[in-house]
Amino acid sequence: MSHPLSIEHDLHSAMAGGGLGDGAFNALALRVFKHQFDNNTAYQNHCKALGVAPENLTHWHEIPAVTTDAFKFVECPLVTFPIGQTQKTFLTSGTTSELKGCHHFPSLDLYDRSITASWQELALPRPENSIFLTPEPGHAPHSSLSHMMGVLSDTHSRKSIWAVDASGRLDMESITAAVTGNRPVALLGTALAYLHLFEQLTHPLTLPPGSWAMETGGYKGTMRQLEKGDLYRMFTNKLGLAPDSIINEYSMTELSSQFYTRGLAHPHTGPSWTRVRVINPFTETDALAGEPGHLVIYDLANLHSVMAIRTQDLASRSGADLADGRNAFTLLGRDPSALPRGCSRAADHQLRPS
């Protein structure tokens, strides 16, 4: 068996290599699965109940996935290390009365590497002059989104403004002042934070040429509903940003990697150390091209928990994506029968006027 530090070293190397091919991904995925089967008791029990063991698998498609709800079982933490060695825990969003999912880490080295290497591999613009519409990491220590924003700030930004204070209030004065110069700005935040920004603007702002935005999160479980096209028209009307200047990020607390798309009507794409399937929720077989199903993500950066996560989000894959194995999917929305969740939802609770 590979030592976990050996696997982590190889994952760091793969992320630095600029593209993990199918054969290399499969080999690493089987090693990660064996490590998780051997050291994650709760996951091992799940696999045994399905009659699956490492010696029986030859392809990453066969690795059993767990649902996101499995991260809520406090008595059975999904970890490959002694829980007492936890250095960081991210929590899913929700109200104080709701049971939250917990994603524990013995170290964030691989997690942070996944964020920065994804940004480079997917050729995303560097947020050098940034306005973050999220609490800074110190004010939201259990938010994976705030942590990600902090990593991007530390890695890329020459100047960062954190425009949501500890009480959740938007700092409109700082935002307005930051966009009045000639330097392009990067706005990064949740979709609901942008809605609050647009509602509080007394007049449209025209961002300097070359500016762009990244938005993430949805609206389920909130008082809001807005089609993506309508949101992007608000970006144009309120900030002067065309749809192609807007990036959408898709991820969740239970993952360690992110998927991105730009503008409208384009699929999300992830880094080469991830793979995706869209499955029929009843048969759990791969959905046909264009057929909606549940999105399943295989994320090698989830080394310390479980790499195969079955989401409750609906997606589809095109014939081209399936034919050439492209790591892309079209997000259709949340399964209507699923419980509400999401970082955007947390932002709405914070930013909603009292």
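Guide: We will take a helix pair, then the cores. Keep in mind that this is a predicted model.

Visitor: How are two packed helices described?

Guide: Two values are used: the angle between the axes and the distance between the axes. Here, take helix 4, residues 109-121, and helix 5, residues 144-156. They pack at about 60°, and their axes are 10 Å apart. Helix 4 is therefore oblique to helix 5, since angles of 65 to 115 degrees would be needed for roughly perpendicular.

Visitor: Is the crossing of helix 4 and helix 5 left-handed or right-handed?

Guide: Right-handed.

Visitor: Which residues of helix 4 and helix 5 meet?

Guide: Helix 4 brings Tyr111, Asp112, Ile115, Thr116 and Trp119. Helix 5 answers with Ser144, His147, Met148, Val151, Leu152, Thr155 and His156. By type, six residues of this contact are nonpolar, five are polar and one is charged.

Visitor: Now the cores. Where do nonpolar side chains tend to be in soluble globular proteins?

Guide: They tend to be buried together. In this model, the largest nonpolar core has 46 residues. Ile63 and Leu300 have the most contacts inside it. Several elements each supply at least two residues, including helix 1, helix 4 and strand 13.

Visitor: Which helix gives the most to this core?

Guide: Helix 2, with six residues.

Visitor: What does Leu300 touch?

Guide: Leaving out residues up to four places away in sequence, Leu300 touches Leu11, Leu20, Phe25, Leu28, Ala29, Val32, Leu110, Trp273 and Met307. Another core lies apart from the largest one. That other core has 29 residues, among them Ala191, Leu195, Leu241 and Ile246.

Notes:
Residues are numbered from 1 along each chain as its sequence is written. This is a predicted model: local features need pLDDT of at least 70, side-chain atom pairs count only at pLDDT 80 or more; totals for chains, interfaces and linings use all residues. Side-chain values use heavy atoms; hydrogens and water are left out. Axes are lines fitted to C-alpha atoms, for helices over the stretch in contact, and angles run from 0 to 180 degrees between N-to-C directions. Helices (H or I, at least four residues) and strands (E, at least two) are DSSP runs, numbered from the N terminus. Angles under 35 degrees count as roughly parallel, over 145 as roughly antiparallel, 65 to 115 as roughly perpendicular and the rest as oblique. A crossing is left-handed if the near helix is turned anticlockwise from the far one by less than a right angle, and right-handed if clockwise. Contact means heavy atoms within 4.5 Å. Ala, Val, Leu, Ile, Met, Phe, Trp, Tyr, Cys and Pro count as nonpolar, Asp, Glu, Lys and Arg as charged, and the others, Gly among them, as polar. A nonpolar core is a set of buried Ala, Val, Leu, Ile, Met, Phe, Trp, Tyr and Cys residues joined through side-chain atoms within 4.5 Å. Buried means under 20% relative accessible area, exposed over 50%, partly exposed in between (1.4 Å probe, protein chains only).
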